[in-house]
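Me: I am new to this structure and would like to go through it step by step. Could you take my questions as they come?

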Amino acid sequence: MKKYALALAGAVFALTAVSSAQAAGKTIAVSWKTFQEERWKTDEAAIKAAVEAAGNTYVSTDAQGSAQKQAADIEGLISQKVDVIMVVAFDSDAILPSIKAINDAGIKSIAYDVQFEDPSALYITFDNVGVGRTIADEVQKAKPEGNYAIIKGDKGDPNATFLLGGMMEVLKAGIDSGKIKIVCETFTDGWKPDGAQKNMEQCLTSTGNKVDAVLSQNDGMASGVVAALTAQGMSGIPVGGQDGDLAAINRVALGSQTVSVWKNAKDLGKVAAEAANALAEGTAMDAIAGVGKFADGKNKVEMNAILLAPTPITKANINVAIDAGHITKDQACAGVAAGAVPGC
Amino acid sequence: MSDKPDSSAGPAMQKEGPVQRFFRATEIDQRMLGMIIALIVIWCVFDYASGVLRGDFGGLLGGSFLTPRNLWTLLVQTSSIAVMSTGMVLLIVMRQIDLSVGSMLSLVAVVAAVFQVFQLGPVLGVGHPAIWALGVAAAIGIGALIGAANGALTAYAKIPSFIVTLGGLICYSGLAFLVARGETVAPMDKTFEVFGGGIAISWLGPFWSWAIAGLACLGIIFGIVNGRRQRQRFKFPLRPIWAEVFLASIGSAAVLGTTLVMNSYPWPFKLIENYAVANNVPIPAGIENRDGSAVCMAAEKIVRCTEGLIYYTGYSVPVLVALAVGLVMTFIATRTQFGRYVYATGGNPEAAELAGINTKWLLVKVFALMGALVGISAVISSARLNAATNALGLFSELYVIAAAVIGGTSLAGGVGTIYGAMIGALLMQSIISGMSLLNLPTAYQSIVVGVVLVLAVWLDQLYSRRVK
């Protein structure tokens, strides 16, 4: 009994401590879908820093890759009466009842990086269609006409479709005028680089090597594409990818990849945290800097959104990634002759 | 394999038709024959279909499948799964399973790559001749250790191998992620890359390919002669001479035919050009022809032409590694005490234990062997990609198990052959490569591979019921 009382007293003390901390500022909560991938830790560090810099408190929950746990997590956050809940949705449909509950409780919500279609939330992400657009744009600059191969990501991932949409927007004029011909277009299970390598090999076989440029939907798959091209002595034809993988930035420096479109998670975290701070202070959603309308989701629901432009890393601006501390100069420039590439 | 008495005269023999007599005399595994026929049918269908779809690329039926180039690529693409499937056969024969090979491959590849690129590279200097050897040794060693751990948990802690390796499947992929924090580790050592078959020095060229083929033919003839002598020594029934000659010629023809195909795949045009320029090889003069595979000079320009400077690839290193693994594993499975114990234990675990076989230690050894083979596959896959990532090898356990099962390994234990599993792997990769040649979406590939797996086992059941 005594132990119980002690524990209870401790709990009450802890609660008062928390509420006194809340009194100093607003509380920004993040419901993460998982920490399985390294990048979310980068996002979290950026969000936490920006939230605390504004004198607010950061709390978080981790759904560990489960839609049910995420729903329970959000219920918990609502009952803690936080001011803003940022959600990285594990399942963008299953999350909708939770978002409604957040809205009903008068709490502001932010869809962070993963979209769910609820007009009460502010959607903050990199412009994924734009990433596809940028990949295609840079490759097209290097090779304005010829046969293109497109190595797509996993068929179940909506990002693969967004990326393709962006690529096609850019290539459409070239395809219509007959300058560009898409000779291969394949999905790759699980975005696997070795799968992409096999797909690329089959593409080269089926076209008799008549491929002039390759659009890969990420850098891991681009490594497979480059390996397949190297085996045919074709390394050096324009190849585009995204993610800013360290190995990919090195390939850009070496010239076997044309562009790696880099989405700096630190930028995304910072912008989202600043938006959350503003929402907590009662700023209207559409009064926040950079907010526009977005209605290109699955069900075309119109939402307020901040779409960040990603950074294309090419031979000309490798220093951007080095200066941001994303990659060391040694890693980026391994095997590159001194002075051959600006920034190395 | 071929040491059971067969040609004994009896009343049953008189009733046999010529076909049955042929199979009885040659002791050809009818199941394997069926698989090879299925393989040939699949190849022809893909060749025909790709020809209709894309136009002529010089394949046998007018498509791009039955071309030296595609068959060459097909063998390289199969080698990683084929290597692992040989170990999976022994495990399944022992009534165990390893679901963790895919994740283990990711883990081993990433650890060996990190070791090679971040530890050995800076210490020894990039390109040091010891790096590739240490990298390969590390991969095989780590694989064997992880395998042994799987085996020890199964054998001594008495956890079912399904559970141990299911845990491994989940756990190792996490570890693989942590080791490199999800990043791609690249590039590999230049010599290490030879194991991937993606660069010119990993191609043997026609001379050495023919030399190996010659050795293999001699080996086949020696094996048949030696087998006959052994049978005489132990007074086993002999195959008729015509059957021996037939087997020797079929075996040699297969070896020579494969070698011929490998030797007719020319180096890619650009590589010939680069090589010629780098090594000051004179390029013969010729007339411009953009569709040839050799290079020659037209005025001041180097162009493609039909007659001119040309090199042929021959066998590539990963394929040879896979074939060597197949040979060694067949020897281990059929000619060593260890191998026979594995089959005995799989056939009847209690009897094997009562007969004095240390089945627990045996299990650890089989799992460790599986792990070492995963190490070899990790070397092949990471060298081929010239990079290692935690996505490498993902889901490959499914293909490895499917290859073993399509190849006739029975999940009930005690039955299975190494060559069957390797042909099973080739069959599966043929379907996948063929469909991707036709530009069919991966969803269709998955559907077809799944159906083929179930169909293969069903046909097998029908066949063995009929034989009984």
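Me: In which sense do strand 3 and strand 4 of chain A pair, and over how many bridges?
Reply: This is a predicted model. In it, strand 3 (residues 84-87) and strand 4 (residues 108-112) of chain A pair in the parallel sense, over 4 bridges. Met86(A) stands opposite Ile110(A) of strand 4.

Me: What is the strand order of the open sheet in chain A?
Reply: The sheet has 7 strands in the order 2-1-3-4-5-12-11, with mixed pairing. From one strand to the next, the twist averages 30°.

Me: Which strands stand at the edges, and why is one side of each left without a neighbour?
Reply: Strand 2 (57-62) and strand 11 (292-294) of chain A are the edge strands; each has a single partner strand, so one side has no neighbour in the sheet.

Me: Which strands does helix 10 of chain A lie across?
Reply: Helix 10 (residues 265-280) lies across strands 1, 3, 4, 5 and 12 of chain A, and runs at about 165° to strand 5.

Me: Changing topic, how many residues of each chain are in contact with the other?
Reply: The contact involves 33 residues of chain A and 36 residues of chain B. On the chain A side, helix 7 supplies the largest share, 9 residues. That side divides into 9 nonpolar, 15 polar and 9 charged residues.

Me: And the predictor's scores for the complex?
Reply: The ipTM is 0.70 and the pTM is 0.76.

Me: Where is the kink in helix 5 of chain B centred?
Reply: The kink, of about 30°, is centred on Gln116(B). Gly125(B), which follows helix 5, has a positive phi, near 95°.

How values were computed. Residues are numbered from 1 along each chain as its sequence is written. Chains are lettered from A and ligands numbered from 1 in the order in which they are written. This is a predicted model: local features need pLDDT of at least 70, side-chain atom pairs count only at pLDDT 80 or more; totals for chains, interfaces and linings use all residues. Two residues are in contact if their C-beta atoms, placed from the backbone, lie within 7 Å. Helices (H or I, at least four residues) and strands (E, at least two) are DSSP runs, numbered from the N terminus. Ala, Val, Leu, Ile, Met, Phe, Trp, Tyr, Cys and Pro count as nonpolar, Asp, Glu, Lys and Arg as charged, and the others, Gly among them, as polar. The bend at a residue is the angle between axes fitted to the seven residues ending there and the seven starting there. Two strands pair if DSSP finds at least two bridges between them. Axes are lines fitted to C-alpha atoms, for helices over the stretch in contact, and angles run from 0 to 180 degrees between N-to-C directions.
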